[in-house]
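Subject: Structure for you to look at

Hello,

Please find below the structure for you to look through. My notes on what was found in it follow.

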Amino acid sequence: MAVSAKGKRRLTFEGKLYYWYVAEDRDSADYLLHIVSEDKKLVLEYRVDQISDAFIHPKLRVVASPDMKPGIYAFFPPLPDETVTSTTVAAVLNWYSEQLG
């Protein structure tokens, strides 16, 4: 089943279509960047504005992936992520792609 595109932005990265959006986290006052592949096999979450925290390495959550174990991973290099753009999304997807080797 395909992803509902309503309220989401689209980005083509390495020939694949991804949908992304930013929404408030239900469990905290943080905002999360959600990235979902068209077939829903890849789902990533990135807490927005980690650059302003005292984190040495920002964190990224792999919710679902055909190639990586779900979990929280250190994300490097840190992103200027106060404002999320398609460049931010592409950087997260690039990190994911690099992890696969």
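Helices (H or I, at least four residues) and strands (E, at least two) are DSSP runs, numbered from the N terminus. This is a predicted model, in which local features need pLDDT of at least 70 and side-chain atom pairs count only at pLDDT 80 or more, while totals for chains, interfaces and linings use all residues. Residues are numbered from 1 along each chain as its sequence is written, and side-chain values use heavy atoms, with hydrogens and water left out.

Pockets

A pocket is found on a 1 Å grid over the protein atoms alone: it is an open set of points where a 1.4 Å probe fits, with protein on both sides within 12 Å along at least five of seven lines, and its lining residues have an atom within 4 Å of a point. Grid points are joined across faces, edges and corners, and the volume is the space filled by probe spheres set on the points.

The largest pocket holds about 310 Å³ of space. It is lined by 16 residues, and those closest to its centre are K16, Y18, L42, D67 and Y96. Strand 2 (16-24) and helix 1 (86-100) each give at least two residues to this lining, and helix 1 has the largest share, with four. By class, the lining has eight nonpolar, two polar and six charged residues. Here Ala, Val, Leu, Ile, Met, Phe, Trp, Tyr, Cys and Pro count as nonpolar, Asp, Glu, Lys and Arg as charged, and the others, Gly among them, as polar.

The second largest pocket holds about 210 Å³. Of its 12 lining residues, L32, R47, K59, R61 and I72 are the closest to its centre. Strand 4 (43-47) and strand 5 (59-64) each supply at least two residues of the lining.

S65

S65 sits in the loop between strand 5 and strand 6 (71-74). S65 counts as buried because its relative accessibility is 16% (buried is under 20% relative accessible area, exposed over 50%, partly exposed in between, with a 1.4 Å probe and protein chains only). The side chain of S65 makes a polar contact with the side chain of Y96 at 2.5 Å (a pair of N or O atoms within 3.5 Å; within protein, one must be able to donate a hydrogen and the other to accept it, and residues adjacent in sequence count only if both atoms are side-chain atoms). A polar atom of the S65 side chain also lies 3.0 Å from the backbone nitrogen of D67.

Positive phi

K40, in the loop between strand 3 (31-37) and strand 4, is not a glycine but has a positive phi of about 65 degrees.

Regards
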